[in-house]
Amino acid sequence: ITYIFILASTILFSCKSQKEVAATDEQGLQKSEFFKGNTDKVVIEQIYIDASKAKLLEDYPTAIEGFKKVIKLDPANHAANYELATLYYGAGENQIAKQFISQAVKLDPSNKWYLILQAEVLGHLNQFTEATKVYEQLIKNYPNEFDFYYNWAFALIRADKIEEAVKVYDKLESLLGIDEEIIIQKQKLYI
């Protein structure tokens, strides 16, 4: 009899009451007293994790939907903006990618990876003048990342700013010393 009473009590208390069922948010997620005050944060994190999982499983439509939900719930979530930018960039939707990466950079302007993606997206959109500004910011933030100098010079060349590109190569040469690749690149500019 004691066993039956414990089993019945467990079943009774583990079943959802009408009040608990009614206490769900618009996403259909159960609100709990345990998470009171942190419900939104927990929900956002769970949606973000699920979207990341979908991205890893190459279920891109589900990932996009999830990251968009995160942004709807937390407009200041720069990571979700970045993830959406990478998804759209990977799909060749560069104009949409630009919108999301611009928002991510606006929310976290010193993030190296956001700036790199922003410069790449701008380059694919043939917006090289804007891309040069991003590379300039990257070099200010990370002066010892020498690849950024090459990318900056390339963007300057594509923006038809040859003299500025030569100055970037000169700066790189002052940091690295005499370098055959830099000499070849500068020579191409003078021809």
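Predicted model: local features only at pLDDT ≥ 70, side-chain atom pairs only at ≥ 80, totals over all residues.
Figure 1. Walk along from the N terminus and the elements read α-α-α-α-α-α-α-α-α-α-α. Now for how the chain meets itself. Take the contacts between residues at least 6 apart in sequence: 40% of these join residues at least 24 apart.

**Figure 2. Helix α9 packs against helix α10.** Here we zoom in on two helices, α9 (residues 146–158) and α10 (residues 162–176). Two packed helices are described by the angle between their axes and by the distance between those axes. For this pair, the angle is about 165 degrees and the axes are 8 Å apart. Angles over 145 degrees count as roughly antiparallel, and α9 and α10 are therefore roughly antiparallel to each other. The crossing of α9 past α10 is left-handed.

**Figure 3. A closer look at the contact of α9 with α10.** On the α9 side you'll find F146, Y149, Y150, W152, A153, L156 and I157. Facing them from α10 are I162, E164, A165, V168, Y169, K171, L172, L175 and L176. Sort the residues of this contact by class and you get 14 nonpolar, no polar and two charged ones.

**Figure 4. Y48 and F67 form an edge-to-face pair.** The structure holds five aromatic pairs, and this view picks out one of them. The ring centres of Y48 and F67 are 5.3 Å apart and the planes sit at 65 degrees, so the pair counts as edge-to-face. The pair links distant parts of the chain, since Y48 belongs to helix α3 (residues 39–56) and F67 to helix α4 (residues 60–73), 19 residues apart. F67, at 0% relative accessibility, counts as buried.

**Figure 5. Y88 and F100 form a stacked pair.** This is another of the aromatic pairs. The centres of the two rings are 5.7 Å apart and their planes are at 5 degrees, so Y88 and F100 are stacked. Y88 lies in helix α5 (residues 78–90) and F100 in helix α6 (residues 94–107), so the pair ties together parts that are 12 residues apart in sequence. Both Y88 and F100 are buried.

Conventions: Residues numbered from 1 in each chain as written. Heavy atoms only, no water. Axes fitted to C-alpha atoms, helices over the stretch in contact; angles between N-to-C directions. Helix = DSSP H or I, 4+ residues; strand = E, 2+ residues; numbered from the N terminus. Parallel < 35°, antiparallel > 145°, perpendicular 65-115°, else oblique. Left-handed = near helix turned anticlockwise from the far one by under 90°. Contact = heavy atoms within 4.5 Å. Nonpolar A, V, L, I, M, F, W, Y, C, P; charged D, E, K, R; others polar. Phe/Tyr/Trp six-rings, centres within 6.5 Å; stacked < 30°, edge-to-face > 60°. Buried < 20%, exposed > 50% of the residue type's maximum accessible area, 1.4 Å probe, protein only.
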